[in-house]
Amino acid sequence: MATQPVDEKLKASAEHAKEAAEQTQEAAESTQEAAEHTQTAARTTAKATVQLKDSADRRTELAANRTVFAAERTYAAWVRTGLASLASGIGAQKLLAGVVPGWMIISTGSVLILFSAFCFASAVWRQIFTGSQPPHPDVQRIPPFLLVLFNGFLALVSLAALFGLWFGQTGGG
C-alpha cells in the first residue's frame, strides 16, 4: 500500500515535468520569434542609419556649395562697387567742372578712385582669405590667380585714372 502514494506522486511529478517541458518549449519558440524580429529590426535600423548619414552628408555638401556661391556674390559686389566708384571718380571732373572749385573736384575724384582701388583689393582679399574653409563643396571656386590678375588690372586702371585726374588731360580733349 505504501507504493501507491509514491507512484501517484511520481506520476504527478512526471506530469508537472512534462507541463514544464512544454512551457519551456513554447518559451523557446517565442524567444526564437523575438530574436528573428529583433534581427529584422536591426537590419532596418542599419539601413535607416546609412540613409540618414548620406542625407546629412548631402546637406553638408549643399551648404558648402551655398557658401561658395555666397562668397562669389560678395566678390562680385566688391568689384561692382569698385567699378561704380571708378566711374564716379572719373566723371566727377566733367560733371563738377565750373560748379565747384578745382581742388574740390580733384579731391572728390581722388577719394572715389582710391576707394575703387580699395574695393578691388578687398574683393581679392575676401575671396582668397575666407577664414575657415567650407566642407568639400561640389562646385569649383574661382582660381585665385585669375582674381589677382583681373583685380590687379582694375587697380592699375584706377591708378591711371588717378594720375590722369591729377596731372591733366587724358586724351579725351
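I then went through the elements, where helix 1 has the lowest mean pLDDT (82), whereas helix 2 has the highest (90). I keep in mind that, where pLDDT is low, predicted coordinates should not be read in detail.

Next I looked up the nonpolar cores. The largest one is made of 7 residues, namely Tyr-75, Val-79, Phe-120, Ala-123, Val-124, Leu-147 and Leu-154. I traced these to their elements and found that helix 1 (3–96), helix 2 (102–128) and helix 3 (144–167) each give two or more residues to this core, with helix 2 giving the most, 3 residues. I also found a second, separate core of 5 residues, which includes Leu-86, Ala-161, Leu-162 and Leu-165. As background I wrote down that nonpolar side chains tend to be buried together in soluble globular proteins.

I took Tyr-75 from the largest core and listed its contacts, leaving out residues up to four places away in sequence: Tyr-75 touches Ala-123, Val-124, Gln-127, Leu-147, Phe-150 and Asn-151.

Is Asn-65 buried or exposed? Asn-65 counts as buried because its relative accessible area is 9%, and the cut-off for buried is under 20%. With residues up to four places away in sequence again set aside, I found that Asn-65 touches Pro-137, Asp-138 and Val-139.

Thr-60, which also lies in helix 1, has a relative accessible area of 38% and is therefore partly exposed, since that class runs between the 20% and 50% limits. I checked Thr-60 against His-136, which is 76 residues apart from it along the chain, and the two C-alpha atoms are separated by 8.7 Å.

My last entry is on helix 3, which has 24 residues and reaches 34 Å from its first C-alpha to its last, close to the 34 Å expected at 1.5 Å a residue. Which residues of helix 3 are buried? I listed Leu-147, Asn-151, Leu-154, Ser-158, Ala-161, Leu-162, Gly-164 and Leu-165. After helix 3 comes Gly-168, for which I noted a positive phi, near 120°.

Technical notes
Residues numbered from 1 in each chain as written. Predicted model: local features only at pLDDT ≥ 70, side-chain atom pairs only at ≥ 80, totals over all residues. Heavy atoms only, no water. Core = buried A, V, L, I, M, F, W, Y, C linked by side-chain atoms within 4.5 Å. Buried < 20%, exposed > 50% of the residue type's maximum accessible area, 1.4 Å probe, protein only. Helix = DSSP H or I, 4+ residues; strand = E, 2+ residues; numbered from the N terminus. Contact = heavy atoms within 4.5 Å. pLDDT = per-residue confidence, 0-100. Expected span 1.5 Å × (residues − 1).
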